[in-house]
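Here is a short report to read with the model open beside you. Take your time and look things up as you go.

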Amino acid sequence: MYWTKTLIPTLREAPSDAEIVSHKLLLRAGLIRKLAGGVYTFMPLGLRALRKVEQIIREEMNRADGIEVLMPALQPPEIWEASGRAETASNVLFKVKDSSGRQWFLSPTAEEVITTIAANEINSYRQLPKNFYQISLKFRDEIRPRFGLMRAKEFIMKDAYSFDTTDDGAMASYKKMYDAYTRIFARCGLKAFPVEADTGVIGGNYSHEFMVPAETGENEVAFCEACGYAANIEKATSGIPKTAVREIGAAIEKFATPGVVTIEALSKEPYKVAANRQIKTLIYIADSKPVIILIRGDDQLNETKFAAKTGAVAVRPATVDEIVPLLGAKPGSLGAVVNVPADVKIYADERLQGANDMTTGANEDGFHLKNVSIERDIKVTAWFDLRTVSAGEPCVKCGKALKIRRAIEVGHVFKLGTKYSEKLGANFLDEAGARKPAVMGCYGIGVTRTLQAIIEQSNDKDGVVWPLSVAPYQVCITPLAVTADSEAMKLAEQFYTELTAKGVDVILDDRDERPGVKFKDADLVGFPIRIALGEKSLAKGEVEIKPRSSAFQSVKIEAAVEAVLALLKA
RNA sequence: CGGAGCGUAGCUCAGCCUGGCUAGAGCACUUGCUUUGGGAGCAAGACGUCGCAGGUUCGAAUCCUGUCGCUCCGACCA
């Protein structure tokens, strides 16, 4: 490609609505343009990089026995009602109506469609296992799109769905995808690592996310450098000890705490109740019903764990107006010892198991209770791990200190089980003629997000530093004179022809611009190798080969093409 | 949805508080000349419903009301 024949609208300054470096570079390098919030056009160079990421994914999916299909973006609500997700995923579903008033959903993912296909087309164990995948536009009504392609209303996702006859088979399919993902991200030049993950609205019981470490990531990951344990903070556990049991305390005693409404205030003079001897009482509305959650005063509730453990779909903190009629006191004086309606469930964090000599609210404004023994004095409905781990806690596997860092989620693999196959009738007949639901898995990669994650991870002060495998062009030839009869241009065209014939993606910067402009643009876009052809080196019979991420080397003209090919192979 | 901020040329921004000549600068764009190894110089030129609607006023980019859009924090997030 000749530079003047394509369109590479580079910007000297980043538009003011871009916040993070990868978003700024996507815009400055002319890779994307915004049409509206969370909605982008891929410009010629951005699309080339995107296609390369897609192709890597396609090759690895095919290698792992994936079979490519293409499912509709426009989906009838009926199948979403059958799976139950018309309601549970309602907040992210784009809903549109056709001219006759019929409603459609724009696909945010495709479990319902592929399971319907399986229900209709797969009847026998002889047809299994199968793993279908597609790379297509997805739509999510994100409350708050942000950071360019990172969280968009419309984006490209690779989604795959496996169908197996047995749980063991499903595990094998899962493992194949897990391995394929590891290869995909490595080939994209990304340092991505798998972590244990919550399954969210998708459902299922086993899941990993692939994370790219980045300060701008929207996720937090707890990990152990000693043994390799890693989990999303929403899922992570630690080996932190339970609350110490003390001598059996005296009977419960109510004491006045006027104006004290925080854990911290109660831990100070004159009360001096350490946070780790307090029970924090939180009231949540889980699927429209109030529930009480107890965690230790020095711990933080993990809402995702809470929803996952109790099976609740919609979870939110109760408002003061909901709490007062329920327990008779305002937040700050709440407890689960007295005055708790019998039908309100009480969930407690496991770290409180066996705890005694605790202090908690009296459900009476301005009063607390001490000498509370949780198992003696509170009717706990169920014990769960509900707390959020923090850095420095002992690893649940090896006991070494956990660390926490931020990361971008680029892929997610789920073992689904039979949730969708049962609801949508994806059954098969086994060897004995018994009718069984297929055991499913589903596997997603945010393709456009992956592209941005590559830039977020690989850039410097001058611009993008593309990994060779996904660069829009691998080589940029930069003649410093572009008139047709100049030696630089003749040689540039010769190199262009030779490298193109060898299958190299080459762009020739034939713009009549000053050298500085061309070098700055080439660095900004981030081509892995630049060949500069200028009078100074040509006079010595040489050209300059400049890898984007290392120093230039002068090479004899005759040896230039071979030298570039050698760099591309390295 | 709660909080905060911003909408003026393709991009970055000034002007607004304290209303008043024909609405500005830099970059980008067009033409010419010079220049040519890291975002050139000079000259000429083109580019604006000052987000939109309404109001106040002799007069509104500027003040008021509404509305739409964008960004950030939170909530949310497959």
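The report starts with some ground rules, then turns to the RNA and to a pair of helices.

## Ground rules

This is a predicted model, so local features need pLDDT of at least 70 and side-chain atom pairs pLDDT 80 or more, while totals for chains, interfaces and linings use all residues. Residues are numbered from 1 along each chain as its sequence is written, chains are lettered from A and ligands numbered from 1 in the order written, and side-chain values use heavy atoms, without hydrogens or water.

## Around the RNA

Which residues come nearest to RNA strand B? Of the 40 around it, they are Ala 89, Arg 140, Arg 144, Arg 151 and Glu 544; "near" here means a heavy atom within 4 Å.

Now zoom in on some atoms. Arg 144 has a polar side-chain atom 2.3 Å from a phosphate oxygen of RNA strand B, and Arg 151 has one 2.3 Å from a base oxygen. Helices here are DSSP runs (H or I, at least four residues), numbered from the N terminus.

## Two crossing helices

Next, find α2 (residues 44–63) and α12 (residues 447–457), which pack at about 110 degrees with axes 10 Å apart. Axes are lines fitted to C-alpha atoms over the stretch in contact, and angles run from 0 to 180 degrees between N-to-C directions. The two helices are therefore roughly perpendicular (65 to 115 degrees).

Contact means heavy atoms within 4.5 Å. Residues making it include Leu 50 and Val 53 of α2 and Leu 451 and Ile 454 of α12.

Technical notes
Polar contact = N/O pair within 3.5 Å; in protein donor to acceptor, adjacent residues only side chain to side chain. Parallel < 35°, antiparallel > 145°, perpendicular 65-115°, else oblique.
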